[in-house]
Structures are given as C-alpha cells and as structure tokens.
Amino acid sequence: MRVTTMAMPSPVQGVWHLGPVPVRAYAICILIGILVAVWLTERRWAQRGGRPGVVFDIVVWAIPFGIVGGRLYHVATSWQPYFGPDGDPISALYIWEGGLGVWGAIGLGAVGAWIGARRAGVLLPPLADAAAPGIALAQGIGRLGNWFNNEVYGSRTDLPWGLRIHEWDQSVGRAVLGPDGRPEILGTFHPVFLYELLWNFAVASVVIWADRRWRLGHGRVFGMYVALYTLGRLWIEALRIDSANHVFGLRLNIWTAMIVGVVATALTLLSARRHPGREESLLRVAAEADGTGPVRQSDAPDDGIGPDRTRSSDPSAAAKSGGDKPDNGNRDTQAPRTTPVDHVGDG
C-alpha cells in the first residue's frame with residue numbers, strides 16, 4: 001500500500017494512564033472546548049449588559065443536558081453496536097470512548113439552558129446569541145479528539161494534506177501494532193475532522209463580525225450560526241466513509257443538517273421581520289412587562305467589544321429600579337459598565 005510521504009500524521013495513542021486513572025485525549029479536547037465556549041459567552045453576555053456570573057449559573061444546566069443529548073443522539077442513530085445482534089448495551093454508557101452527536105448536544109443542551117435561564121430570570125434568545133460563536137469554537141476544538149482517536153476521515157487521497165490513519169483498537173485507545181512492533185497504517189485519507197474544525201472556526205468569526213456589523217438580536221446570531229454550520233456539515237458529512245445509517249440513499253446526518261438548516265434560516269428571517277433590532281432588556285420580567293414591540297437601541301455606537309446599553313440581567317435590580325429608571329450609581333441596581341478595550345480577544 002502506497003502512503004503519501006507528505007501526509008499529515010495521526011497520533012498512535014489517545015489514552016494515557018496516571019496510575020489507575022485513564023486520561024483520554026477526546027475528553028480533554030471536549031473539556032477545553034467547553035471552557036473556551038463558557039469564557040467567550042460570559043464575555044459577550046457582559047458586553048450586552050448582562051450581570052457577570054449569570055452564564056456560569058446557566059451552564060451548570062446546559063452542559064450536562066448537552067452531553068446526555070449528544071450521547072442519546074449518537075446511540076439512537078448508530079444503534080447497531082449497542083443493540084444489534086452482537087451489540088453491547090452497556091457500552092452505550094461509555095461516553096469516554098467517543099460518540100457524541102452535535103444535534104442532540106445542542107438540542108438537549110438548549111433545554112438545559114432554558115431551565116437555567118428561567119431560574120436566573122433572563123431571556124433565552126439573547127443568551128443564545130451570546131453563546132453562538134463560543135459553541136462553534138467548542139465544536140471545532142472537540143474535533144481534535146477525533147484526530148487523537150483516528151476517526152472522522154474521508155476517502156483515500158494523495159493530496160499533501162492527506163491524513164495517515166492507523167488501524168485502531170478502541171478498547172485500549174491506541175493503534176494496533178504489527179508483527180514488527182510498528183503501528184499498522186490503513187492508508188491516507190481526507191482529514192474530514194480538520195475540514196470541520198476550520199469550518200467551525202470560520203463560522204464563529206462570521207457570526208461575531210455580523211453581530212458587530214448589524215447588532216443582531218432576538219436569537220438571530222444563534223440562528224445564523226446554526227444555518228452556517230449545517231451548510232458546511234452537508235458537504236463535510238458527504239465526504240465521510242465511516243459506517244452510518246442511510247435514509248433514501250443519504251447519510252442520516254445529511255438529512256438532519258438539511259432539516260435543521262432550513263428551520264434555522266426560516267426562524268431567523270421571521271425574527272428579523274417581527275423583532276428588528278436588539279433586545280432592550282435581558283430580563284424575563286421586564287420583557288413580559290414591556291411586551292414584544294420594537295426595542296429601543298442605544299444611540300452610542302457599538303464597537304463590538306464595549307457593553308451595550310441594555311438593562312441589567314439581575315432580577316433584583318429590575319425590581320428596585322422599575323426597569324426604566326436612570327442609573328443612580330448604585331451597583332446593585334444596574335449592570336456594571338466595562339471599559340471598552342481593543343477588539344483583540346473576541347475572535
């Protein structure tokens with residue numbers, strides 16, 4: 001078998017042991033992605049006038065729901081290894097071995113975020129808008145875990161950026177060794193994991209730019225992220241050659257991407273028509289009191305980093321100030337103002 005000399009290498013090991021404790025590269029990549037998403041979401045939430053710390057109160061609901069949802073989608077759409085004739089149902093719980101469906105993670109994660117947002121007394125749409133680019137970055141970083149596991153690749157290729165893939169023993173998390181003690185190489189393939197990583201990073205950059213340019217609100221940043229992600233997932237999914245269930249000749253994830261993308265685009269356009277501009281209030285109580293009419297925007301220019309002149313996301317502050325009273329300098333009744341800084345750090 002000929003292997004391109006310029007091909008990118010793949011790791012030969014994805015699990016290390018610290019005594020009896022396994023350290024899995026896949027889990028580390030997922031964790032790093034989550035931390036980046038939380039950091040960026042907290043930063044963007046504060047820019048919109050949100051109370052610092054609210055994001056952390058909400059992610060304790062969103063992250064567990066997202067992980068469970070991602071695993072449920074994977075098991076439901078690739079059920080044969082778990083519930084097929086020779087399947088192992090217990091292994092459906094082995095989330096550390098890989099197998100998270102982004103569709104289930106976002107879907108059930110949104111339910112967790114909704115619960116957390118209600119408990120915090122804030123609106124979900126502006127929170128989703130703040131979180132959108134961070135989610136895209138987290139997905140891209142998480143794809144590095146697929147690289148460590150020698151998975152998510154396409155057809156064979158002789159291109160310089162082709163990826164060498166090893167025969168993999170998932171049970172021990174390392175490449176299979178040949179008679180000579182060297183890792184067995186299956187061949188050189190398209191690095192689909194890398195294509196999706198780059199696409200996700202590009203999506204994050206585009207939605208950040210669009211949000212700065214047009215001051216999007218009412219869930220439109222999140223809708224744009226979903227529409228762009230699904231657009232890329234269509235061609236990325238078509239490149240994959242790993243086993244998958246098919247419906248009418250297409251991989252199930254392609255159908256999911258098409259349906260989700262169309263729905264996200266339609267809802268984004270509907271939001272732009274019904275709720276132009278950006279939310280005036282981030283609070284559930286204030287929004288219910290004000291109704292859903294046009295929102296008032298600040299006359300101050302938005303530099304993409306400085307805080308919006310939206311009302312505080314602290315429910316107690318809304319009760320004290322009545323929502324529309326001017327800032328009297330009391331830090332307990334108004335979201336803290338931050339000093340505008342350079343654009344570096346938001347992209």
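## Salt bridges between helices

A salt bridge is a side-chain nitrogen of Lys or Arg within 4 Å of a carboxyl oxygen of Asp or Glu. In this predicted model, the structure contains 12 salt bridges. One of them joins the side chains of D211 and R44, with an N to O distance of 2.9 Å. The two partners belong to distant parts of the chain: D211 is in helix α6 (residues 192–214) and R44 is in helix α1 (residues 25–47), 167 residues apart. Both D211 and R44 are buried.

A further salt bridge connects E196 with R143, whose closest N and O atoms are 3.1 Å apart. Because E196 lies in helix α6 and R143 in helix α5, this pair ties together parts that are 53 residues apart in sequence. Both E196 and R143 are buried.

## A network of charged residues

Side chains of opposite charge can pair when their charged atoms come close. A network of salt bridges links R143, E196, R233, E237, R240, D242 and R251.

Within this group, the side chains of R240 and E237 form a salt bridge at 3.7 Å, N to O. The relative accessible area of R240 is 14%, so this residue counts as buried under the 20% limit. E237 is also buried, with a relative accessible area of 0%.

## The surroundings of N146

N146 is located in helix α5 (residues 124–148). With a relative accessible area of 5%, N146 is buried. Its side chain makes a polar contact of 2.8 Å with the side chain of E151.

Apart from neighbours within four places in sequence, the residues in contact with N146 are Y26, E151, V152 and F193.

## Aromatic pairs

A pair of aromatic rings is described by the distance of the centres and the angle of the planes. The structure holds 12 aromatic pairs. One of these is formed by W147 and F148, which are arranged edge-to-face, at 5.1 Å centre to centre and with 65° between the planes. W147 has a relative accessible area of 24% and is partly exposed. W147 and F148 also belong to one aromatic cluster together with W16 and F193.

W199 and W235 make another pair, with ring centres 6.1 Å apart; their planes lie at 85°, so the arrangement is edge-to-face. Since W199 is in helix α6 and W235 in helix α7 (residues 220–239), the pair ties together parts that are 36 residues apart in sequence. W199 is partly exposed, at 24% relative accessibility, and W235 is likewise partly exposed, at 39%.

Notes: Residues are numbered from 1 along each chain as its sequence is written. This is a predicted model: local features need pLDDT of at least 70, side-chain atom pairs count only at pLDDT 80 or more; totals for chains, interfaces and linings use all residues. Side-chain values use heavy atoms; hydrogens and water are left out. Helices (H or I, at least four residues) and strands (E, at least two) are DSSP runs, numbered from the N terminus. Buried means under 20% relative accessible area, exposed over 50%, partly exposed in between (1.4 Å probe, protein chains only). A polar contact is a pair of N or O atoms within 3.5 Å; within protein, one must be able to donate a hydrogen and the other to accept it, and residues adjacent in sequence count only if both atoms are side-chain atoms. Contact means heavy atoms within 4.5 Å. Rings of Phe, Tyr and Trp (its six-membered ring) pair if their centres lie within 6.5 Å; planes under 30 degrees apart count as stacked, over 60 as edge-to-face and the rest as tilted.
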